[in-house]
Amino acid sequence: MNIQPIGVIATPFKQKFAIPRQPNLANASGRVTFDTPFDDPQAFKGLEGFSHVWLLFHFHATARRGWKLQVKAPRLGGNNTLGVFATRSTHRPNGIGMSVVKNEGLHTVNGRICLDVSGVDLLDQTPIVDIKPYLPYADRVDNATDRLTEYQPIPERTVHFSPMANLELDALCVSYPDARTFIRSILSQDPRPAYKQHLDDDAKIYRVALFEKDISWCVRQGEICVLAIENLP
Ligand code: SAM
């Protein structure tokens, strides 16, 4: 079986750390640029009729590490394991990921056909292997259950910006008007490993690469404090 990527997605997430665990947990935008011969408008005829699409993609950044029978489940606190097929872990056979995202429309940029989407949980430059419309009549399951939500809900921490970070953010908002809301929503989910999320590790400074920025932050009394927003080295 040979799988050829149909294109690649550009996203604000320049590293794995701090990418939401699933789509639509933050309003992150993505742009899929298609390779020839998939960049033919005929292949997209009718796609505008669907509000959401499935992105099938390759977990290219972790694929070389192979797969595991059992993986640590962040929602169980990070110490307990589940079978790989009971998770959405990246460490799976064939390294295939799937995310439902909002269809923001087709555009032509520099002569190339692109699909804009939002709500992504994908690393920048992830290879896309297929796109399918989301079909509410078939894909929505009203009585579906997920008992794990009882264990560890996604954190909703308050996020503060230091005076310096606020100034830097004002400048960033010139290019990315939603940057403030976006950074707040990413950090409020507390990107630290699950086993650390109950800790107030005041002294520790974390860094996350979003857009072209290096964002440093720490946790104080259960709240996230953004210290600085600087250019990536
Ligand atoms: N929604 C998808 C699914 O269920 O198949 C992905 C879920 S997976 C738990 C989401 C995580 O995958 C993100 O938080 C990020 O750390 C990681 N990730 C995203 N894109 C990746 C890539 N191209 N290679 C490796 N890991 C990636």
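1. Let me start at the surface: Met1, Ile3 and Ile96 make up a nonpolar patch with about 350 Å² of accessible area together. Patches here are built from residues with over 30% relative accessible area and no salt bridge, nonpolar side chains (Val, Leu, Ile, Met, Phe, Trp, Tyr) being joined within 5 Å and like charges within 9 Å. Areas come from the Shrake-Rupley method with a 1.4 Å probe, and for residues only the protein chains shown count as cover. Methionine 1 sits in the segment before strand S1 (7–10), and its relative accessibility of 85% makes it exposed (over 50%; buried is under 20%, partly exposed in between).

2. A word on the basis: this is a predicted model, where local features need pLDDT of at least 70 and side-chain atom pairs count only at pLDDT 80 or more, while totals for chains, interfaces and linings use all residues. Residues are numbered from 1 along each chain as its sequence is written, and side-chain values use heavy atoms, with hydrogens and water left out.

3. Now the ligand: 21 residues surround it, the closest being Gln22, His60, Arg88, Asp121 and Thr126 (a heavy atom within 4 Å). By type, this shell holds 9 nonpolar, 8 polar and 4 charged residues.

4. Which polar side-chain atom lies 2.6 Å from a ligand oxygen? The atom belongs to arginine 88. On the backbone side, an N or O atom of isoleucine 19 is 3.0 Å from a ligand oxygen, and a polar atom of leucine 123 is 3.0 Å from a ligand nitrogen. Taken alone the ligand exposes 600 Å², of which the protein buries 91%.

5. Aspartate 116, in strand S7 (residues 112–118), is buried at 14% relative accessible area. Its side chain makes polar contacts (N or O atoms within 3.5 Å) with the side chains of arginine 31 at 2.7 Å and histidine 107 at 3.3 Å.

6. The structure holds 10 salt bridges (a Lys or Arg side-chain nitrogen within 4 Å of an Asp or Glu carboxyl oxygen). One of them pairs aspartate 124 with lysine 14 at 3.3 Å. Aspartate 124 lies in the loop between S7 and strand S8 (126–133) and lysine 14 in the loop between S1 and strand S2 (29–34), so the pair ties together parts 110 residues apart in sequence.

7. Another salt bridge joins arginine 207 and aspartate 214 at 3.0 Å. Arginine 207 is partly exposed at 43%, whereas aspartate 214 is buried at 12%. Elsewhere, shared partners link Arg157, Asp190 and Arg192 into one salt-bridge network.

Note on methods
Polar contact = N/O pair within 3.5 Å; in protein donor to acceptor, adjacent residues only side chain to side chain. Nonpolar A, V, L, I, M, F, W, Y, C, P; charged D, E, K, R; others polar. Helix = DSSP H or I, 4+ residues; strand = E, 2+ residues; numbered from the N terminus. Buried < 20%, exposed > 50% of the residue type's maximum accessible area, 1.4 Å probe, protein only.
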